[in-house]
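Hello,

Here is the structure I promised to pass on. Please open it first, then read my notes below.

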Amino acid sequence: MGSRNSDSILDALREHFGCNVAAEPEGEFLRITLPGNTLDEHLVTVYARPLTVDYWEVQDAASATADLFCQGVHLTPLRRARLRQIAERLRVTFEDDVFKAVCREEELAFYAWRVRDAVALASTLLLEHRFVRPRIEVRRHVRMALSALQAKGFQVRERAETRGEHAIHRVDFEIRPEREGVAAAVQTLSPGNSPWLRAEAYAFMVTDLDHQYRHVAVLQDPEFWTKKALNLLHSVGARVVEAREPASAGQQTREVVEEVLGQR
Amino acid sequence: MARRLPPPSPDYVRHVLETPKRLRCSLNELINCLNRDGRVTLPIELEGTTEADPDHGVELNVAAKINLPKSWRASLKVNRQRVDGVDWHATEVKGAGCEPLSGWHRHVYDEAVGDAERNRVPIEDPAPDGKIKTFIESILKMMNVYIDAEAINGQQELGLDP
């Protein structure tokens, strides 16, 4: 490649990066915008202020975590640890949700860029973000399947309020036999962002309701439930239905309910 | 690798966006929480509903950690997906009308795509006086959220995100 080509590319690169750099005062800070997009398709802005005659502080004003937060990525201890690792690799700090560095004035550009890198890398947490799928689809199929039990003389109540030893719970479906006997409580559970927390909450409900019900947990998106969370569900004595397909989940649930109520 | 699950249905999101929404938290409480934690998540109730919808969660998020208005953010989320939002970026990307966009902008829900991430339209500075109270008042007005003063009296502790 001739020097003419490399020179023109170099000029184009300088122009591209140069036009994306800005520094403007904002209060006690200097607002510095640097080139290079995050995954969100925006440039990164960092804020610098003098601490002493020689030293400056550069930070992102918590905008990286605020951007994640506003897009549904809530900061769990695990995610905070990840962000701290990113900061450590880049030799900046991550404290109180802020990427920060303290440096000499001559190092300001270097550390501003490091903080920018940390912000850009933090945006990769968006890749892990997944939405909470509404439970309605699975519940609709479960409702349809359980309604068939009414013809057999069972009483089916949806969103039934029940008092436990410590709290009042709401059971998705309560199926009570026509004659005396223990009822079944069916709960549809989505893994959310923490299957373990969902399992813990469900386990609390089961133990709090003690012997009032035979419990059936219908798991939505079973591939996202961890083994540990599944073990907890089994250990509290719940029958677990893995709803891989909403349409078949209803039928499966009905069969399990009939089984626990001794009808099969 | 986690599979990306479907977002809430566009019909429901449209319903949320069009319906006036109720916030059971006073402005002062909200500001106090922001001062303490730097961010706040508050459940939002749709007008006309009396109990929480078990299948959908609507929440308002505000983040304002540092007293630098351009670092403040707000979003309205359904099932943890942003369907409306306000933020500032020194960005030169294509806005809704394919115009270069920088500064304060609003994330507008795009039914075709099913999210509000790329569809941005420029807006006026929501806090021209640089005050958080003005910022919050502006975004509540924009997002059609009102503070239910009657409900605040005697309410239990706020259900804030940990």
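**What I found**

In β4(A), the bridge partner of A:Ala48 is A:Val58. Keep in mind that this is a predicted model.

Strand β3 (residues 43–50) of chain A pairs with strand β4 (residues 55–59) of chain A. The pairing is antiparallel and has 4 bridges. A hairpin of 4 residues links β3(A) to β4(A).

β4(A) has another partner. Strand β6 (residues 98–104) of chain A runs antiparallel to β4(A), and 5 bridges join them. Look for A:Trp56, which stands opposite A:Cys103 in β6(A).

Now turn to the helices of chain A. How do helix α6 (residues 195–209) of chain A and helix α7 (residues 227–235) of chain A cross? Their axes come within 8 Å and cross at roughly 10 degrees. Angles under 35 degrees count as roughly parallel, so α6(A) is roughly parallel to α7(A). On the α6(A) side, the contact is made by A:Pro195, A:Trp196, A:Ala199, A:Glu200, A:Tyr202 and A:Ala203. From α7(A) come A:Lys228, A:Ala229, A:Leu232 and A:Leu233. Of these contact residues, 8 are nonpolar, 2 are charged and none is polar.

Chain B next. It has 4 helices and 8 strands. Along the sequence, the pattern of chain B is α-β-α-β-β-β-β-β-β-α-β-α. Chain B has 162 residues, and 35% of them are buried. Take the contacts in chain B between residues at least 6 apart in sequence: 51% join residues at least 24 apart.

Best wishes

Conventions: Residues are numbered from 1 along each chain as its sequence is written. Chains are lettered from A and ligands numbered from 1 in the order in which they are written. This is a predicted model: local features need pLDDT of at least 70, side-chain atom pairs count only at pLDDT 80 or more; totals for chains, interfaces and linings use all residues. Helices (H or I, at least four residues) and strands (E, at least two) are DSSP runs, numbered from the N terminus. A residue is buried if 20 or more other C-beta atoms lie within 10 Å of its own, exposed if 12 or fewer, and partly exposed in between; C-beta atoms are placed from the backbone. Two residues are in contact if their C-beta atoms, placed from the backbone, lie within 7 Å. Two strands pair if DSSP finds at least two bridges between them. Axes are lines fitted to C-alpha atoms, for helices over the stretch in contact, and angles run from 0 to 180 degrees between N-to-C directions. Angles under 35 degrees count as roughly parallel, over 145 as roughly antiparallel, 65 to 115 as roughly perpendicular and the rest as oblique. Ala, Val, Leu, Ile, Met, Phe, Trp, Tyr, Cys and Pro count as nonpolar, Asp, Glu, Lys and Arg as charged, and the others, Gly among them, as polar.
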